[in-house]
Number of protein chains: 2
Amino acid sequence: MKENGIDNLPRRKLLANTAGVLAAGGLAGWSASAGAQTGPVAAPAAARPLPAYVAWKDPGAMIVHTGNTLETRRSAFGTSVITPNEQVYIRNNLPPPGAEIVADRDAWEVTIEGVRQPRTLTVKALKSLNLETIATVLQCSGNGRGLFPSKPSGTPWQVGAAACVVWSGVPVWAVAEMLGGVVDGMIYLTGTGGEKLPDGIDPKSVMVERSVPVAAMADALLAWEMNGVPISLAHGGPLRLIVPGYNGVNNVKYIKRLAFTREQSDAAIQKTGYRMSPPGEKGDPSQPSVWEMTSKSWINSPGPESGPVAAGLVQVKGVGFGGMQAVRAIDVSVDDGRSWKPARLVGPDLGKYAWRQFVFPISLAPGIHTLVCRVTDTQGRVQAEGRTENTGGYSNSSWRDHAIKVTVV
Amino acid sequence: MKENGIDNLPRRKLLANTAGVLAAGGLAGWSASAGAQTGPVAAPAAARPLPAYVAWKDPGAMIVHTGNTLETRRSAFGTSVITPNEQVYIRNNLPPPGAEIVADRDAWEVTIEGVRQPRTLTVKALKSLNLETIATVLQCSGNGRGLFPSKPSGTPWQVGAAACVVWSGVPVWAVAEMLGGVVDGMIYLTGTGGEKLPDGIDPKSVMVERSVPVAAMADALLAWEMNGVPISLAHGGPLRLIVPGYNGVNNVKYIKRLAFTREQSDAAIQKTGYRMSPPGEKGDPSQPSVWEMTSKSWINSPGPESGPVAAGLVQVKGVGFGGMQAVRAIDVSVDDGRSWKPARLVGPDLGKYAWRQFVFPISLAPGIHTLVCRVTDTQGRVQAEGRTENTGGYSNSSWRDHAIKVTVV
């Protein structure tokens, strides 16, 4: 139980502002995690073993921050576009439900509300309805938090709370259409996760229920497959809501209810959590929610884990994505952003929500070099140089913060 | 050792026509496989455990024919384009080398010959030179052999000796260019595998050395990565020659020599093996070699393993590819090929050498239905109805042979 415990409670307490309730009843009902993360971690917890529920992950590829927060090592990212399941990061807001829910995947039920003919459907029924497959960047909104100089509370992700994943499932629009269409006036798509909630706590304070603008339904899926296999329990199987282009938290795992709603969810994770709060302020509904991702790129190789690099020709490799838009170009600078040269985009283009791999060949002389990269999307918008400071340390897509120092010998 | 033994010796004997030598010295030097396959197997050997060297494969997804021939179950194929590594079929002509060759992958050496400045290069050197990523259908030339009514000798593959894989490596043309270019008059690209050969047998009778037309170098890679991770030993790591569009055997594993040559290899696997020999005849160099793949498609779901399907709307799903050309369309017929309707192509297009996923929604009444599908490539060529009969049971791309009978209740 320890590794499946709520190991990010300190941060949740801050976000949900239900400190008293959680401290009183919550931890009594569940086992508190001995590995609770109470602030930024200086160095990756390299030696921690994989939690049992993700024992099938590649231990050499993962940094285990806590039982519910595992990051992909930068050096583990390959160059063949897709992130294999055994390397995909983990960030659970609550411990995963028991494995019994994936014993008969087709029997899992999701209730559809806010349509003219609301109904509860099994995964089996969804599979007979339609099929779509889409590649998306799945990224925790806190990815890059570890690069904020202000050291916000929360997992200090570097670049590895992100992956490029292919999903298969049924389009949300097809489900809505079959059920008579969306009721007039519904402006949000609200997904509720199937986590088992602890006793003695206001469910709204801990439940995973997220709302996104209803327009997101155009590309959203109720997905049962991830990179060619049924979605693992750890990644939200049997059924996960995929909202392409949106930050990870909006891609609700073990989804049990999908509702078209007039209002955003009043669960803390929506109301006060995951808000772009001005530094020092608590979250509130007036602040932007972490919905659409912004464009972002980073270098994977050479990286901080590469060690010194031999002088001469070096293939600088990395990834870039445009958030809601496709990538037009990724540029690299070796002079601190004064001049930029285009990198070459490599490999298959999996569509606008996927990332692109890039390679930038350069001959490096001995010394210390600082390399940066930035994306330009198909609308001509260039990735920002700076970050938007915020209490939660969300959405760091600053190209300057993602600079890589390479020692060449 | 049993599971790594030469378990397809009877077939190799036939192909290489060195029965005496193999029977005498070969089996003495190695352990003969108790699981030797001496003819077509009637039913998949479902219960066989995974051999130790591929213990990381998904046992539920694989049919273990022998220690060196593992097929992906039709029901295991997903719909999200890429075949995950743990599901990719295995077909080794010789047992894999020892794991020591992947202990220091960057140190693996390949000798390049038939260029103006022949040289031996490490994987590390290749990585600094260039990078390309390409998705290909990797398919054993015997895939579909089990569908030949003539029951040719050899593994009776159904559809699962095929996968869609993303590879990363260095383009062969870039290596040749760096070494001064290809010597005039070289018309083949010949790759030699790094398998350890048994003592007491003429190496030419068992070695894996394949030649392909030199034009194939335009898209060929020396690859070190497969689906985002370093190529496993079982799949030919640390370095494998990838010849997009060509049958599996031409994608030489653990490649230790890549030569531009005037002649095809005189190894048995090239000279007499893998030839489209007229039925009953032995292979000889005058017959076509199993080089370029032909267009092909098949239905994965519903399939023979699905059991009875409920009447009503069914999403028929499958894959199709064009061999050397991209897919323009995949059509489905439910009346034995008299009329065809276009299926919908689903998911990202990974390029002309990848397969496409298709879905075909149809309302099926109770009864037994026969479903067939066929590909049309971008040059307008339609997948053949029949097969080319041949001794080895190669290249079965007959749409009629790939028909699926579905029982609807």
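Domain bounds here come from an automatic or database domain assignment. The model is predicted.

**Exercise 1. The domains of chain A**

State which residues make up each domain of chain A, then describe the side of domain 1 that touches domain 2.

*Solution.* 
Step 1: Take the bounds. Chain A is divided into domain 1, residues 2-271, and domain 2, residues 296-408.
Step 2: Look at the contact between them. On the domain 1 side of chain A, 24 residues take part; they meet 29 residues of domain 2.
Step 3: Find the main contributor. Strand β6 of chain A, residues 132-139, gives the most to this side of domain 1, with 4 residues.
Step 4: Sort by class. The side of domain 1 that touches domain 2 in chain A holds 11 nonpolar, 10 polar and 3 charged residues.

**Exercise 2. P171(A)**

Decide whether P171(A) is buried, partly exposed or exposed.

*Solution.* 
Step 1: P171(A) lies in strand β7 of chain A, which covers residues 162-171.
Step 2: Count. P171(A) has 19 other C-beta atoms within 10 Å.
Step 3: Apply the cut-offs. A buried residue has 20 or more such atoms, and an exposed one 12 or fewer. P171(A) is therefore partly exposed.
Step 4: List contacts. Leaving out residues up to four places away in sequence, P171(A) touches N130(A), E132(A) and L221(A).
Step 5: Compare with R374(A). P171(A) and R374(A) are 203 residues apart in sequence, and their C-alpha atoms are 32 Å apart in space.

**Exercise 3. A sheet in chain B**

Work out the strand order of the open sheet of 4 strands in chain B, and name its edge strands.

*Solution.* 
Step 1: Read the order. The strands of this chain B sheet run β17-β16-β20-β21, with antiparallel pairing.
Step 2: Find the edges. In chain B, β17 (341-342) and β21 (404-408) each pair on one side only, and these are the edge strands.
Step 3: Zoom in on one pair. Strand β16 of chain B (residues 327-333) and strand β20 of chain B (residues 367-377) pair in the antiparallel sense over 6 bridges.
Step 4: A329(B) stands opposite T376(B) in β20(B).
Step 5: Strands of a sheet pair through backbone hydrogen bonds.

**Exercise 4. Two chains, one relation**

Identify the relation between chain A and chain B.

*Solution.* 
Step 1: Name it. This is the relation of a two-fold axis.
Step 2: Check the surface. The same surface serves both copies, as 100% of the contact residues of chain B recur in chain A.
Step 3: Locate the axis. L350(B) comes closest to the rotation axis of the residues of chain B, at 3.4 Å (C-alpha).

Key
Residues are numbered from 1 along each chain as its sequence is written. Chains are lettered from A and ligands numbered from 1 in the order in which they are written. This is a predicted model: local features need pLDDT of at least 70, side-chain atom pairs count only at pLDDT 80 or more; totals for chains, interfaces and linings use all residues. Two strands pair if DSSP finds at least two bridges between them. Helices (H or I, at least four residues) and strands (E, at least two) are DSSP runs, numbered from the N terminus. Two residues are in contact if their C-beta atoms, placed from the backbone, lie within 7 Å. Ala, Val, Leu, Ile, Met, Phe, Trp, Tyr, Cys and Pro count as nonpolar, Asp, Glu, Lys and Arg as charged, and the others, Gly among them, as polar. Copies are superposed by least squares on the C-alpha atoms of residues with pLDDT of at least 70 in both.
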